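The sequence and structure are shown first.

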Amino acid sequence: MKILTWNLGLSWWCKYAHYFGLEIKGEKIKHEYFQKQHLETIVAKIEEINPTICILQEFYDEKDRLLMISKLGKKYPYNSSLHAWYHQHTIMVFSLDKIKVEQLSETGFYVVKTDSFSLVPIHLHSFSAEKRLKQIKNLLFEIEKSREKIDCVLGDTNFWCFGKKPYFLFKKDKITYGFLINKFNDATKNINRTVKSFMNFDKIFLLKDMQFKNPTCIQNNEKYMDHFPVFVDLVMPESKMD
């Protein structure tokens, strides 16, 4: 079983791209979210990686979501769109296996379940380490309160950290990371960066008793895209694979 997280948006400054008339393949950039001009390359890379579950982030509107479904829906018959703090329906889940999606109380996070695996996609606050800390504290509290068995938390953490140690620019991000690794292993800790800058934003956290291999980040991307795809292979117990 392989799981993938990939923020498909552009670099943050592309929210101002329309002021400068910047284009991608002859079309002007109107926002910093997923761009349809990148669709074919994104789909080809996902097909090459061949994940069981894809967590794709930063979709702007229904038209873009339907476009992605039209390309991935044949291979991945199960999909769902989730809200995040900054935009509605902006996270998309694609799965080879049937999924069930439930909201975790009022945290703004969702649990995605298959018959053998459960995960919580995250896209934490972009601008405030204090708010990221609050988001994760609320998430972990709700997980404990609900007694849900969550195998994985993954996505764009927006932790301002770099290197394999890792080193944090903000103390509260380090605290937040500490809360997460108290319960989960950082399966992607040996990946040095997940964006074009030196930052390591995108992470996959797995329960401590879960076995995994081949944590990977493909460090190349299309024009103005910021994040790279990050994925890991899970070594599932035979009882879960039956």
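## Accessibility and the model

A residue counts as buried under 20% relative accessible area, as exposed over 50%, and as partly exposed in between. Tyrosine 60 has a relative accessible area of 36%, so this residue is partly exposed. Tyrosine 33, at 10% relative accessibility, counts as buried. The model is predicted.

## Aromatic pairs

The structure holds 13 aromatic pairs. One of them is formed by tyrosine 33 and tyrosine 60, a tilted pair with 5.3 Å centre to centre and 55° between the planes. This pair links distant parts of the chain, 27 residues apart: tyrosine 33 is in the loop between strand 3 (27-28) and helix 2 (39-49), and tyrosine 60 is in the loop between strand 4 (53-57) and helix 3 (62-72).

Phenylalanine 34 and phenylalanine 59 also form a tilted pair, with 5.3 Å centre to centre and 45° between the planes. Phenylalanine 34 lies in the loop between strand 3 and helix 2, and phenylalanine 59 in the loop between strand 4 and helix 3, so this pair ties together parts that are 25 residues apart in sequence. Phenylalanine 34 and phenylalanine 59 are both buried.

Tyr33 and Tyr60 belong to one aromatic cluster with Trp85, Tyr86 and Phe127. A ring also takes part in a contact with a charge: the charged end of lysine 183 sits over the ring of phenylalanine 184, 6.0 Å from the ring centre.

## Nonpolar cores

The largest nonpolar core has 47 residues, of which Ile3, Phe117, Val120, Leu139 and Leu206 touch the most other members. Leaving aside residues up to four places away in sequence, leucine 139 touches Leu104, Thr107, Phe109, Val120, Ile122 and Val153.

A second, separate core comprises 25 residues, including Ile24, Phe34, Leu72 and Phe94.

## The sheet with strand order 7-8-9-10-14-13

Six strands form an open sheet in the order 7-8-9-10-14-13, with mixed pairing. Its edge strands, strand 7 (100-103) and strand 13 (184-186), each pair on one side only. From one strand to the next the twist averages 25°.

Strand 7 pairs with strand 8 (residues 110-113) in the antiparallel sense over four bridges. Valine 101 stands opposite valine 112 of strand 8. Helix 5 (residues 171-183) packs on this sheet and touches strand 13 and strand 14 (202-207); the direction of helix 5 makes about 115° with that of strand 13.

## The sheet with strand order 5-6-4-1-16-15

Another open sheet of six strands has the order 5-6-4-1-16-15, again with mixed pairing. Strand 5 (78-84) and strand 15 (211-217) stand at the edges, each with a single partner strand, so one side of each has no neighbour in the sheet. The twist here averages 20° from one strand to the next.

Strand 5 and strand 6 (residues 87-95) run antiparallel and are joined by six bridges. The bridge partner of leucine 82 is isoleucine 91 in strand 6.

Helix 2 packs on the sheet, where it touches strand 1 (2-7), strand 4 and strand 16 (230-235); the direction of helix 2 makes about 160° with that of strand 1. Helix 3 lies across strand 4, strand 5 and strand 6, and runs at about 5° to strand 6.

Technical notes: Residues numbered from 1 in each chain as written. Predicted model: local features only at pLDDT ≥ 70, side-chain atom pairs only at ≥ 80, totals over all residues. Heavy atoms only, no water. Phe/Tyr/Trp six-rings, centres within 6.5 Å; stacked < 30°, edge-to-face > 60°. Helix = DSSP H or I, 4+ residues; strand = E, 2+ residues; numbered from the N terminus. Buried < 20%, exposed > 50% of the residue type's maximum accessible area, 1.4 Å probe, protein only. Lys NZ or Arg CZ within 6 Å of the ring centre and 35° of its normal. Core = buried A, V, L, I, M, F, W, Y, C linked by side-chain atoms within 4.5 Å. Contact = heavy atoms within 4.5 Å. Pairing = 2+ DSSP bridges. Axes fitted to C-alpha atoms, helices over the stretch in contact; angles between N-to-C directions.
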